[in-house]
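Hi everyone, thanks for coming. I'd like to walk you through one structure today, so please have a look at it before I start talking.

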Amino acid sequence: MYGDPALPPDFVSLPYVNPQAPKGGRVVFGNTGGFDSLNPFVQKGTAPWQLRFWGYESLMGRSWDEPFTLYGLLAESAETAPDRSWVEFTLREEARFSDGSPVTVEDVIWSYETLGTMGHLRYRGFWGQVADIVQTGPRSVRLSFTTRDRELALIAGMRPILKKAQWEGKDFAASGLDEIPVGTGPYVVTDYEPGRFVTLERDPDYWGADLPFRRGTNNFDEMRIEFYGDGTVLFEAFKAGALSAVREFNAEKWDRQYDFPAVQRGDIVKSEIPHQRPSGMTGLVMNTRRGAFADWRVREAMLLAFNFEYINDTMTGGAQPRITSYFSNSELAMRPGPASGKVRDLLAPFADSLPPGAIEGYTLPEGDGTARNRANLRRAMAMLKAAGWNVQEGVLRNVGGAPFAFSVLLRQGDGEMQRVVDIYASALSRLGITLRVDTVDDAQYAGRIAEYDFDMTTFRRDLSLSPGNEQRLYWGSAGVDQPGTRNLMGMASPAADALIDTLLKAEGREDFVAAVHALDRVLTAGRYVIPIWQYDVGRIAHIREMKYPGRLPAYGDRMDFMPDVWWYEE
């Protein structure tokens, strides 16, 4: 994205793999919920999230040791205009689908058009910025763009490539289990039972096995995904030996509950994997499309009433620090205090529409650590009164007499967040607010999230060291009324829209970082999410036969780190 790639053209392997990793072994992972589709590229249905990473490839692949750098995968070369207004890829002659058929330019063009018009919403924003896509040679294709956006050339290299012939006469957008997309990746689905398990095996004829980009990766012969009703059942299955590995996000549980016999014997290994990526945002998001939460003062009151210090101590033993902004834990995080320099210049034109604190400086409320958190509750009540809410006979009501009551939408099996919300509900009741928990299954949850049918719900956004076009999907104003985007808070901010454009047009790292600092201020001061704790280190418990390299990438244990560079060794 900026500067030169870290690896030379003749690199032997990615820097964070073991090039001599042995091939073999069978591993079993666990998911909660179920699935009703094996097509991870469409809006309808729920597919196992791992399928996109294990069975399909794009023209280029990403190195997780650099903020945003791509290397050739299906494409043997890429050429761009100096201003990146177009990009041209040349396919490798040896690139093949899992059925042995060659990957053609026709497949590439069809994949871009189909995903861009009938695929999941995450693919459609990019397609809207493509002016044309044309074949320029026997194995080459060029995309030209409608907007000045230096990231588009890289995003173009990351679209999955599917087989056109498979879908002739069929509805690509339909969800179901009858049609599994044919991919080019190292793994293929060999068995499944709806809602219970999916088995993938390494393709012995995988076309890219000898590529430097693939050397030392995709080492397991078989990977199986088992599905469980909730996290508690999944953990018990792991303890019983039914699963090969689990990720743990709670530091206290990691310390206290991972001492079962298999750990004591050394059959299970506890690995902690550091990373350098931003914290992202995890917590409870408020839907500003709903009346009460449209007022920033009400959202501030919700933050004040959330007794983080006490909740964190109860849930994690206080071992995990709080997320302080969307890009905390990285150089992209906003700086404390008033905005200055380029950041202030970027925010100044929007001063009248910015939330309080965006320019002056904003920090999250801190409680006193006690269960009652009296001082913050008093401040919360003052904010609510300023917003037109008053307590009448123990119930908080607006000027029209309507009570302040809302629900938190939770996914079935999310016991940890259920406990957090229970503590929160107790605090809110002291303000005269009624909080109801609405727990639904995976299918209902996905449907309601897509339609923004919630007051408050859980929220998780992983953010990279090179934020780009995905920021529009997360908080661009175009997503307020369009179903299926990831703008769950309903944020419509001219400043945020402009800052996203600025970071996409930045030609130097300094201007880019300033734009992200400014965007972080707008997001954080907007008070849309009640942040909880950071996942500042990856915690993976796994069978001792599962190994990973000692040299870790900058992005650490991101979700495809395991199993991508792991291997099985007796």
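Let's begin with a question: what handedness does the β-α-β unit made by strand 16, helix 12 and strand 17 have? Keep in mind as you look that this is a predicted model. The unit is right-handed, with helix 12 covering residues 415-429.

Strand 16 pairs with strand 17, residues 434-440, in the parallel sense, and seven bridges join them. One of the pairs to look for is Ala-405, whose bridge partner in strand 17 is Thr-434.

Strand 16 also pairs with strand 18, residues 456-461; these two run parallel as well, over two bridges. You can find both ends of this pairing by residue: Val-408 has Met-456 as its bridge partner in strand 18, and Leu-409 stands opposite Thr-457.

Five strands form it, in the order 17-16-18-13-19, and it is an open sheet with mixed pairing. On average, neighbouring strands here are turned by 35° against each other, ignoring direction.

What packs on this sheet, touching strand 16, strand 17 and strand 18? That is helix 13, residues 442-450, and its direction makes about 125° with that of strand 16. Helix 12 lies across strand 13, strand 16, strand 17, strand 18 and strand 19, and runs at about 160° to strand 17.

So is strand 16 largely enclosed or largely open? Five of its seven residues, in the stretch 405-411, are buried, so the strand is largely enclosed by the rest of the structure.

My last stop is helix 15, residues 494-505. Its 12 residues reach 17 Å from the first C-alpha to the last, close to the 16 Å expected at 1.5 Å a residue. Which of its residues are buried? They are Ala-495, Ala-496, Leu-499, Ile-500, Leu-503 and Leu-504. Looking down the axis of helix 15, these buried residues fall within an arc of 165°, so they line one face of the helix. The general rule behind that kind of pattern is that an α-helix has 3.6 residues a turn, so residues three or four places apart point the same way. The buried residues of helix 15 pack against helix 10, helix 14 and helix 16.

How values were computed: Residues numbered from 1 in each chain as written. Predicted model: local features only at pLDDT ≥ 70, side-chain atom pairs only at ≥ 80, totals over all residues. Heavy atoms only, no water. Buried < 20%, exposed > 50% of the residue type's maximum accessible area, 1.4 Å probe, protein only. Helix = DSSP H or I, 4+ residues; strand = E, 2+ residues; numbered from the N terminus. Pairing = 2+ DSSP bridges. Right-handed = clockwise from strand over helix to strand, strands pointing away. Axes fitted to C-alpha atoms, helices over the stretch in contact; angles between N-to-C directions. Contact = heavy atoms within 4.5 Å. Expected span 1.5 Å × (residues − 1). Arc of directions from axis to C-beta.
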